[in-house]
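Hi,

Here is the structure I said I would pass on. Have a look at it below, and then read on for what turned up.

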Amino acid sequence: MRGDRVRRPANRDRALEALRQLHEVDVNFDYRSGSPVSAETGWRVDDYCVALPPEPPGAPLENGSWQVAKRLLADYEFADPQIVRAVYDSEHPLDGRTMLLEGRFFWMRFLFGVRVGEVVDDLVSIEGRNVRVWGWNYRTLEGHLERGQLDYEICKWTDTGEVEFRMHVVSRAAEIPNPVIRIGFRVFGRHMQKKFLRQALKRMRILVESELVAQETGRPLSDAPESAVGAFREAPPPPDSGPPA
């Protein structure tokens with residue numbers, strides 16, 4: 001398939017064939033039902049945020065922190081390849097794109113699918129402050145070990161110039177027929193989910209800072225010094241970004 005982007009899965013041909021088959025697979029939960037999404041109804045709800053290098057107040061700079069992070073987010077480059085690798089058709093629009101993810105746990109490899117739901121590109125107001133937001137979410141497909149949705153956003157607070165990478169996750173275990181995998185997921189699944197999210201925060205900050213350093217120094221990215229990772233946190237969602245319906 002021309003345009004397939006493969007981030008070194010264990011078996012490229014197997015991964016590409018699995019990606020083609022995923023286009024006929026449906027989302028594995030009813031995200032349109034309008035039912036409450038909360039711990040009380042059996043869902044896990046998580047919010048994470050990391051500060052990226054700030055910019056001057058106002059609209060995002062052409063090659064600044066917000067734009068660099070936006071590109072990395074669009075290309076799924078923020079994901080730690082030691083935990084998750086991705087296969088997708090880069091010629092397909094991001095909105096509605098089907099992706100094959102390869103989860104990696106010690107020597108084991110798990111292939112599962114997700115599909116991009118919405119792409120957000122807007123200037124919003126939060127508690128009277130303007131925030132430039134770009135991002136997207138994906139939802140789990142049949143065969144995934146979980147049910148749920150993960151929202152990624154790059155935010156710039158235009159009054160101060162602060163730039164953030166935010167993730168909002170709602171998830172619960174799917175039905176897993178294989179008893180060995182089911183038990184293993186119960187034991188290790190939550191740990192690996194949190195590890196993926198925290199590593200994504202670290203990796204995004206490192207990549208953004210490294211690219212900004214490369215712009216300033218004129219050195220290739222490979223020669224840019226590795227940045228110390230800034231503090232990251234599990235953050236409450238902004239007031240107007242509650243759990244997805």
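To start with, are Phe 29 and Trp 43 buried or exposed? Both Phe 29 and Trp 43 are buried. Keep in mind that this is a predicted model.

Those two rings also make an edge-to-face aromatic pair, at 5.8 Å centre to centre and with 65° between the planes. Phe 29 and Trp 43 both sit in the loop between α1 (12-22) and β2 (44-52), so their pair ties together parts that are 14 residues apart in sequence.

Another aromatic pair is Trp 136 with Tyr 138, this one tilted, with 50° between the planes and 5.8 Å centre to centre. Again, both Trp 136 and Tyr 138 are buried. They belong to a cluster linked by ring pairs, along with Tyr 76, Phe 78, Tyr 152 and Phe 165.

Now for the core. The largest nonpolar core has 39 residues, and Tyr 76, Tyr 152 and Phe 165 touch the most other members. Helix α3 (residues 179-217) gives the most to this core, with eight residues. There is also a second, separate core of eight residues, with Leu 19, Leu 22, Val 87 and Leu 100 among them.

Beyond its sequence neighbours within four places, Tyr 152 is in contact with residues including Leu 73, Trp 134, Met 167 and Phe 196.

Last, the cysteines: the structure holds zero disulfides. Cys 49 has its nearest cysteine sulfur, that of Cys 155, 7.4 Å away, which is too far for a bond. Cys 49 is buried at 2% relative accessible area, and Cys 155 is buried too, at 4% relative accessibility.

Cheers

Notes. Residues numbered from 1 in each chain as written. Predicted model: local features only at pLDDT ≥ 70, side-chain atom pairs only at ≥ 80, totals over all residues. Heavy atoms only, no water. Core = buried A, V, L, I, M, F, W, Y, C linked by side-chain atoms within 4.5 Å. Buried < 20%, exposed > 50% of the residue type's maximum accessible area, 1.4 Å probe, protein only. Helix = DSSP H or I, 4+ residues; strand = E, 2+ residues; numbered from the N terminus. Contact = heavy atoms within 4.5 Å. Disulfide = S-S within 2.5 Å. Phe/Tyr/Trp six-rings, centres within 6.5 Å; stacked < 30°, edge-to-face > 60°.
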